[in-house]
Amino acid sequence: MKPGKPESHLAMVRRARRINRELAEIYPYAHPELDFRNPFELLVATVLSAQTTDLRVNQTTPALFAAYPTPEDMAAAVPEELEELIRPTGFFRAKAKSLIGLSASIRDNFDGEVPGRLADLVTLPGVGRKTANVVLGNAFGVPGITVDTHFGRLVRRWKWTEQEDPEKVEAEIAAIFPKSEWTMLSHRVVFHGRRICHARRPACGACPIAPLCPSYGEGETDPEKARKLLKYEMGGQPGQRLSPPPDYPGRPAPALGAG
């Protein structure tokens, strides 16, 4: 990045695509960090992930899905019993209401199967575009950009967009990248945000894409100090998933109560 000279839109697009290519080399194992075995489990886990960590969701869902393995089961749940199971994820009353509501809608309106279209998914209680894109991209193979807090923070830090509204961010980023890249781009950006480019103390001095970053220097630039800020497998720590993909290079996360 050359200081002082405004970057053209074309130059920004080229830089953005190069960052994506480099992130693909840094995180060839990037994946959704919620444990799931089917579209219903991913939908429920994504709803539960609001205002908490994927780790806490992953520690909570084994008991939840053992008790309510299908939409029919969850739609018939006693609210207080469901609330108790999901209590560790926070906001458990509101989340329980959404889970019972979306399960009933899947049962009554979609023959008990999670729908594979954005227009249908967003009709479910508690499901917005972000949640819908997570499910479409990772359970149905339909490309989508997931604008969570990490994604929005990094694409603004990289000057790909100045938008704050998630739908506007999604639209502007979608215009930069081929549709085939949308889902994996989302994973790579979120991985980088969790591991290196943190909100408060980005590890600039340990960042492989620092030469492409217009915000280099907002965080720690000393390489040794920056390396101490690295998280998850980059810092030798467990990831978010209890059951990560086979190619994940880090350690699985501990079960609830195991550490």
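Predicted model: local features only at pLDDT ≥ 70, side-chain atom pairs only at ≥ 80, totals over all residues.

Modeller: Residues are numbered from 1 along each chain as its sequence is written, and side-chain values use heavy atoms, with hydrogens and water left out.

Biologist: Why is the pair of tryptophan 158 and tryptophan 160 called tilted?

Modeller: Rings of Phe, Tyr and Trp (its six-membered ring) pair if their centres lie within 6.5 Å; planes under 30 degrees apart are stacked, over 60 edge-to-face, the rest tilted. Here the centres are 5.0 Å apart and the planes stand at 45°, so the pair of tryptophan 158 and tryptophan 160 is tilted. The structure holds six aromatic pairs.

Biologist: What makes tryptophan 160 and phenylalanine 177 a pair?

Modeller: Their rings lie 5.3 Å centre to centre, with 55° between the planes, and this pair is tilted too. Tryptophan 160 sits in the loop between helix H9 (149-157) and helix H10 (166-174). Phenylalanine 177 is in the loop between H10 and helix H11 (182-195), 17 residues apart from tryptophan 160. Helices are DSSP runs (H or I, at least four residues), numbered from the N terminus. Both tryptophan 160 and phenylalanine 177 are buried, that is, under 20% relative accessible area with a 1.4 Å probe, protein chains only.

Biologist: How do you know that the charge of arginine 195 sits over a ring?

Modeller: The rule asks for NZ of Lys or CZ of Arg within 6 Å of the ring centre and within 35 degrees of the ring normal. The charged end of arginine 195 is 3.7 Å from the centre of the phenylalanine 191 ring, and counts as over it. Phe191 also forms one aromatic cluster with Tyr27, Tyr29 and Tyr248.

Biologist: What makes a set of residues a nonpolar core?

Modeller: Its members are buried Ala, Val, Leu, Ile, Met, Phe, Trp, Tyr and Cys residues joined through side-chain atoms within 4.5 Å. The largest such core has 39 residues. Trp158, Trp160 and Phe177 are among those with the most contacts inside it. Helix H1 (9-26), H9, H10 and H11 each give two or more residues to this core. Another core, of 31 residues, lies apart from it and includes Met74 and Leu121.

Definitions and conventions. Buried < 20%, exposed > 50% of the residue type's maximum accessible area, 1.4 Å probe, protein only.
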